[in-house]
Amino acid sequence: PIRAVDLFLTDNCPENAGSNSGILGGRLREKPTFIINFRLPWGIFLAYFEIPERFIPFVRAAHEEGFDKSNLPSLDGMSPSDRCVARFCQDPPSEKNKKLKIV
C-alpha cells in the first residue's frame with residue numbers, strides 16, 4: 001500500500017532522497033518502505049510504498065551480508081506478480097536500477 005507522496009521543487013535533485021532523516025516527518029524507517037524517486041527538470045516527486053511482510057526476507061537477502069538464501073520462502077506458491085516482486089527485491093541496487101525504469 002502507498003504510504004505517502006512528496007513533491008519538492010529544487011534545482012539540485014538528490015540521488016538518494018531516502019537517506020534524508022526528515023522524510024515523512026522522520027518516520028520513514030518505522031515501516032519497510034520502497035521509494036520511487038522521480039527526478040524531474042524542476043524538482044523531485046517521491047512515492048513511498050510499504051513493503052508487504054511476505055517480501056521482507058527477499059529484501060534482507062539483498063542487503064544483509066552473509067544472509068543464508070536457502071532460508072528464503074519458496075516462490076512456487078506465489079502468484080506470477082509476487083514472484084516477480086520477490087526476485088526484484090533480492091536483486092542488488094545496481095540491478096534494480098537497470099530493471100525499474102519509468103519513462
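Reader: How many strands form the open sheet, and in what order?
Author: 3 strands form it, in the order β1-β3-β2, with antiparallel pairing. Strands are DSSP runs of E, at least two residues, numbered from the N terminus. Two of them pair if DSSP finds at least two bridges between them. This is a predicted model: local features need pLDDT of at least 70, side-chain atom pairs count only at pLDDT 80 or more, and totals for chains, interfaces and linings use all residues. Residues are numbered from 1 along each chain as its sequence is written, and side-chain values use heavy atoms, without hydrogens and water.

Reader: Which are the edge strands?
Author: β1 (2–9) and β2 (33–40). Each pairs on one side only.

Reader: How many bridges join β1 to β3?
Author: 7 bridges, and β3 covers residues 43–50. The two strands run antiparallel.

Reader: Which residue is the bridge partner of D6?
Author: L46, in β3.

Reader: Now the helices. Which residues of α1 are buried?
Author: I56, F58 and A61, in a helix spanning residues 56–63. Helices are DSSP runs of H or I, at least four residues.

Reader: What covers the buried residues of α1?
Author: The cover includes α2 (80–89). Contact means heavy atoms within 4.5 Å.

Notes
Buried means under 20% relative accessible area, exposed over 50%, partly exposed in between (1.4 Å probe, protein chains only).
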